[in-house]
Amino acid sequence: MKILRLPIAVAAALLLWTAASSAAPDDSSSEEGGQCLLHRELTPERHLRRLSMDLRGRVPAYEEYALVEGETSVPEAVVDAFVADDGYRLTMRRYHELLLWPNPYGVTLITQNFNLSNFLVGSDRYYFIPSTTKKRTFRGGDGSHTCQPVHQDTLGWNADGTPVCEPKGTDATGPWCEEGYVEVLPYWQTDPTAKLRVCAFGAQAAETYDKGSTTLACNQRLAGNEKACGCGPNLRFCLQYSTQQNVWAAWREQFLLLVDDYTNGSRPYSEMLTTKRAYTNGRLEFHRKYLAAQAGYSRAYTQPGQGDQPVAENPDWHDISWTEITREEPHSGVLTLPAYSLRFQTNRGRANRFRIAFTGQYFQPPNPEISGCESEGDDLTTRCTCRKCHAVLEPLAAYFGGIAEAGSTPLAGFAKEFTSQAACNAADLEPNSGFCNRFYKIVRDPIDPDIRRWKLLALEWADASHPEVIANYDAGPAGIVAEAKDSGILYRATTMNMFKFLLKRDMNMSPTAADSELDLLEEISAEFQNHDDLGQLVKRIVQLPQYRRMP
Amino acid sequence: MRAVIATTLLAGLSVLAACATETTSAPSSPPSDSQVKADRENVGDIGDVSTQTALSATRAVQRMPIAVLEASIPVVAGSDIKGPSITWKEGNNEALADNIYGAVLGRPDFITVTEENSAPSSLYVKFMRDMARNVCSQISTSDHQRSSYSETTLWRFAPIDGSVTPEQINENLRYLTLRFLGMRLTTDDPYIEKLRAVFEAGRETSNQGWAGLHGDAEGWRTVCIGLLESPAFHID
């Protein structure tokens with residue numbers, strides 16, 4: 001749209017208008033001589049506008065101003081209607097996003113062995129798995145070779161169904177070959193004619209392979225180097241960057257759907273933090289069933305675990321309709337959803353964000369100390385200076401220890417400790433130290449250092465000196481929520497947060513100030529603790545006199 | 001142009017200190033030395049500075065969040081002649097999408113930006129000028145194609161065929177300030193008077209061959225721009 005320039009006269013007129021509309025009260029009052037007095041109330045129209053923007057996220061429509069024509073204030077029924085509006089639901093989503101930052105964007109779900117890259121020949125694009133190890137497994141040589149732009153049917157197939165790989169030469173490592181391509185309709189494509197040309201090895205549709213007498217799944221991390229395994233039927237075991245983004249977006253919406261249920265007054269607000277209810281859709285189930293297990297230990301660990309809902313039989317990537325599911329311990333409301341546990345990937349980070357959001361407390365950099373504490377050592381709860389925060393933080397972090405760090409998998413099915421490296425390694429599908437190093441840490445016995453145990457990371461300091469660690473770990477996030485509820489701090493902090501969200505300023509907590517709002521906080525938070533209804537809290541705050549005043 | 005932006009910014013910021021330039025019952029001049037005794041007791045009658053009782057601080061003043069702005073533009077702008085709501089466009093894209101201006105104007109992504117800075121910065125003011133022109137041009141274009149004045153957004157109570165009366169102009173101005181700003185004003189309100197000057201200036205551009213549209217329509221489009229640029233629209 002071409003923006004028309006305005007002549008000087010029009011610009012001048014606009015300037016005068018703009019200055020006039022900003023420098024004086026929003027409605028003139030000739031009887032007051034145009035003076036700007038402190039603490040005037042908004043007119044009913046401007047009050048309606050403010051309420052609409054704060055509660056529904058938009059200004060009122062022209063016809064809606066009739067609701068306050070002739071009135072001296074906005075009727076309570078209008079406030080009720082605004083809180084029942086769908087715009088209020090979206091506003092509460094925005095409030096909780098500002099509070100909990102639930103955006104897992106950027107979490108890497110792709111691994112090299114289950115990724116798809118491509119090369120161009122003329123205008124034709126050919127897809128392949130870019131992992132060097134995988135390419136070496138498929139084609140030999142130094143792992144730099146891809147397929148040739150020839151249909152595989154031309155080269156033929158082996159009796160076992162694997163593609164014939166045409167010898168092409170010898171590189172510095174050894175002989176190598178190239179297979180051809182096949183055409184595959186990928187799972188993420190809705191247009192049935194939009195097939196991709198995929199190197200035949202990478203397009204292998206095998207879902208399992210045999211290792212000795214054991215049959216293993218091709219979409220597991222261990223199958224990454226298996227020659228018989230490619231991307232599976234319709235490439236369902238492989239991810240592209242764009243498909244990864246779809247999973248991030250779905251996790252974010254999953255989080256917000258649960259928020260919706262606890263901000264509309266139909267359920268107690270505090271249950272948002274403890275409920276076993278959640279939502280899922282075909283896309284997330286597809287990821288859980290086919291894609292999550294292939295991530296290595298250096299990636300986000302999102303495999304289904306004990307406490308998660310059962311994996312769907314035949315999930316459809318294109319099914320984005322949401323259904324309600326029920327999870328089990330250690331799940332606890334939004335605090336164990338992937339959008340939260342992947343946004344805050346350490347137990348300390350999860351605990352800190354909860355503490356800020358639902359108790360209103362922040363860790364402050366302490367003054368250094370050099371005496372009465374341990375100057376060295378790994379125990380941060382006793383170390384000089386560190387202990388001033390970590391003596392509080394470490395027990396809080398233990399509440400969140402039941403969810404994998406840098407992941408979303410519940411660890412309820414993981415042993416809390418092993419007595420040997422071999423036993424720890426053996427906990428994986430195939431004995432390997434990667435699993436043990438990812439989830440466990442060697443802890444030496446304080447009395448006999450030769451005695452070592454491999455403990456879950458969250459339980460490293462679960463000992464006689466730190467009895468709260470194991471207790472909090474077992475309680476899970478629901479435990480920290482219960483403490484915050486019982487003490488009332490959850491309700492006080494939420495009242496303060498909502499007050500700030502609606503009044504755009506902090507409550508005046510100065511006990512000596514003439515306009516102190518301490519008593520108001522106690523009054524409103526006590527009411528909130530009694531009814532546990534966020535909508536009622538919102539209505540209570542927007543009906544305060546200070547909400548309607550203008551500067 | 002820079003002067004206009006700077007002045008508009010200052011005008012916007014001035015709402016944050018709305019009373020700063022207004023007279024209260026402050027003394028007209030400070031007490032002279034002869035009125036103050038050596039022991040600092042002030043014997044001069046300088047009047048009571050404030051006649052207000054101590055009340056809790058009011059709600060702070062900020063510009064509306066980007067999400068609210070995005071939802072509010074179609075409410076005041078209405079729909080175009082084909083049916084969809086009028087929004088701020090950048091080419092064929094929504095201008096407030098994150099990949100256009102939404103993130104630039106401060107919409108948080110909760111990764112790198114976790115809160116929205118709601119100060120009316122000069123960057124925001126500049127983009128709102130662009131928004132006002134884009135949206136008001138769309139409204140005007142659609143209104144020209146409507147068959148009934150009652151269906152229009154900008155000149156619902158004022159014909160644009162050259163027969164408009166001063167009373168109709170005032171009524172339409174009152175309608176527009178209520179629609180865009182939520183201000184129900186009387187005909188003799190100083191704001192209506194100033195807004196009428198905006199209308200007249202815009203109407204005059206057609207006589208000067210600037211816009212090529214009918215004068216009255218151009219006047220209303222100019223009023224629309226003024227309203228969408230006004231701090232009263234953006235301040236919540």
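Predicted model: local features only at pLDDT ≥ 70, side-chain atom pairs only at ≥ 80, totals over all residues.
Local features need pLDDT of at least 70 and side-chain atom pairs count only at pLDDT 80 or more, while totals for chains, interfaces and linings use all residues. Residues are numbered from 1 along each chain as its sequence is written, chains are lettered from A in the order in which they are written, and side-chain values use heavy atoms, with hydrogens and water left out.

The structure holds 6 cavities of 30 Å³ or more (sets of points on a 1 Å grid over the protein atoms alone where a 1.4 Å probe fits but cannot get out; volume is the space filled by probe spheres set on the points, which are joined across faces, edges and corners). Two or more lining residues come from each of α7 (241-263), β9 (277-280) and α8 (282-291) of chain A (DSSP runs numbered from the N terminus: helices are H or I, at least four residues; strands are E, at least two). The largest share, 4 residues, belongs to α8(A).

As for α7(A), its 23 residues reach 34 Å from first C-alpha to last, close to the 33 Å expected at 1.5 Å a residue (1.5 Å times one less than the number of residues). After α7(A) comes A:Gly265, with a positive phi near 85°.

Technical notes. 1 Å grid on protein atoms, 1.4 Å probe; cavity = no way out; pocket = protein on both sides within 12 Å on 5 of 7 lines; lining within 4 Å.
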